[in-house]
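Subject: Handover of a structure and findings

Dear colleague,

Please find the structure below, together with its sequence.

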Amino acid sequence: MTQDTLTGIGSVTMPDGALADIAFAEGRIAAILPAGMLPDAFDMRGHVALPPLVEAHIHLDKTLLGLPFQSHLPGATVAERIAQEKSLRASLPLSAFERGNALVRQVAGYGTQAIRSHVDIDGDLGLSGLEDLLKLREAVADLVDVQIVAFPQNGILRDAPVADLLADALANGADLIGGLDPAGIDRDVAGHLDVVFGLADRFGVGVDIHLHDAGELGLFELAEIAKRTEALGLQGKVAVSHAFALGSDLPGVGAVVEALAKARVSIVTNGPNRMVAMPPVAMLRAAGVEVVAGSDNIRDAWSPHGDGDMLRRAGLIAYMQDFRDDSDLEVALSMATSAGARLLGLTDYGLAEGARADMLLVGASCVAEAVAGVPMQRVSVRGGRVIARDCAIV
Ligand SMILES: [Zn+2]
């Protein structure tokens, strides 16, 4: 494929298996027709058309991409890692804008077109990370849509200026309020959640809380989050990332899952390894809880792993959950596409006539093969224009 702006693509496999031609007009999907109806369309036989990948949890300000490889700094607990990250941060030669830009270009190369990024807000950094990410959001608007969560990485109550800084962040462009282990970090569940939900209510924004706290403690916090979500009428606007407590075999899990479903609290997972308990995807979905995929840390002080490829992430989640049937692999992909789009509140998303001509064409015979094989042969189309080919920005 050589041309950058397309009038349409031909003989592509749709997610339901049908062969189709897709006509573009003024950056939108003008028509989806049986294959062979658009003789001038660019032939994409052998590719399956997917809606764009959605990254629901990333830290653009933390990545060390753009710098030489940084050996991992040890730290067993969340608190120890926070301290390690602070010491590393003091000596970085590249700004959050520069490092985040390297990561955005990488993830957009893979076919991601929408991102929810957390940004650290603490007493040392103030709003500097947010300012960088707001500039970055403008600079990369042609590649991706970026949503920003004001994230208290150092806690709220134990870092006195943070509550006010979070309010400033929301007044100055952050889209959502974050939180972090109300018990594990701040040791005050009610106090932490009072600030987080108070700010959500005051600014009319959604919530996305990092919750590593496991076992009964984590389940209690999830129940509190569900309760506050309903009390403030925030149903559908609250997410909990990680939620390892849901992966335990404690008898209280069922009741908490019911409460999350009722409050329409979404769960975001990166498909963690067996060092922690992963939320059970199929059980949560069956109970009516939306489960969404995100990369989380990529090549930063928290993890040397990750590349930001959400197709690979969908495959990893499928692997960790022992998903093998085509229908289960399709579920894994939906966590990195349509479920992410719902979480981010994207309008204009999906392979439908009238929607923006945004899509990812993957060299595979079907969705299941795309998730299982993670092919590098890809074309990312945004607004009818090719923005990436074979996993690199054009
Ligand atoms: Zn995170």
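The notes below take up the metal site, the strands and several individual residues.

This is a predicted model, in which local features need pLDDT of at least 70 and side-chain atom pairs count only at pLDDT 80 or more, while totals for chains, interfaces and linings use all residues. Residues are numbered from 1 along each chain as its sequence is written, and side-chain values use heavy atoms, with hydrogens and water left out.

The zinc site

The zinc ion has as its protein donors His 57 (NE2), His 59 (NE2), His 210 (NE2) and Asp 296 (OD), which lie 2.1 Å from it. Donors here are N, O and S atoms within 2.8 Å of the metal (3.2 Å for Na, K and Ca); water is not among the atoms, so sites may look incomplete. The angles among the four donor atoms span 86 to 165°, and the site is irregular. Four donors count as tetrahedral if all angles lie between 85 and 135 degrees; four count as square planar and six as octahedral if opposite donors are over 155 degrees apart and all others between 65 and 115; anything else is irregular.

Along the chain, the spacing of the zinc donors is H-x1-H-x150-H-x85-D. His 210 belongs to strand β10 (residues 206-211) and Asp 296 to the loop between β13 (291-293) and α9 (310-320), so the pair ties together parts that are 86 residues apart in sequence. Helices (H or I, at least four residues) and strands (E, at least two) are DSSP runs, numbered from the N terminus. Both His 210 and Asp 296 are buried; the term means under 20% relative accessible area, with exposed meaning over 50% and partly exposed in between (1.4 Å probe, protein chains only).

Strand β7 and its partners

Nine of the nine residues of strand β7 (residues 112-120) are buried, so the strand is largely enclosed by the rest of the structure. Strand β6 (residues 53-58) runs parallel to β7 and is joined to it by four bridges; two strands pair if DSSP finds at least two bridges between them. Val 54 has Ala 114 in β7 as its bridge partner. Strand β8 (residues 145-151) is also parallel to β7, with seven bridges joining the two, and Gln 147 in β8 stands opposite Arg 116. From β7 the chain crosses through helix α3 (residues 128-139) to β8 in a right-handed β-α-β crossover, that is, one whose path from the first strand over the helix to the second runs clockwise with the strands pointing away from the viewer.

Gln 113 is a residue of β7 and is buried, at a relative accessible area of 3%. A polar atom of the Gln 113 side chain lies 2.9 Å from the backbone oxygen of Val 381. Not counting residues up to four places away in sequence, Gln 113 touches several others, including Leu 143, Asp 358, Ser 380 and Ile 387; contact means heavy atoms within 4.5 Å.

Strand β15 (residues 378-382) pairs with β16 in the antiparallel sense over four bridges, with Ser 380 and Ala 388 as bridge partners. The two strands form a hairpin with two residues between them, and Gly 383 in the turn has a positive phi of about 60°. β16 is also antiparallel to strand β17 (residues 392-393), over two bridges, and Ala 388 stands opposite Ile 393 in β17. That hairpin likewise has two residues between its strands, and Asp 390 takes a positive phi near 50°. Arg 385 lies in β16 (residues 385-389) and is partly exposed, at 35% relative accessible area.

Further residues

Ser 11, although not a glycine, has a positive phi of about 55°. Ser 11 is in strand β1 (residues 8-13) and is buried at 8% relative accessibility. Leu 19, in strand β2 (residues 19-25), is in contact with Ser 11, among other residues beyond four places in sequence. Leu 19 is partly exposed, with a relative accessible area of 44%.

Asp 348 is not a glycine either and has a positive phi of about 70°. Asp 348 sits in the loop between α11 (338-344) and β14 (359-362) and is partly exposed at 37%.

Yours sincerely

Note on methods. A polar contact is a pair of N or O atoms within 3.5 Å; within protein, one must be able to donate a hydrogen and the other to accept it, and residues adjacent in sequence count only if both atoms are side-chain atoms.
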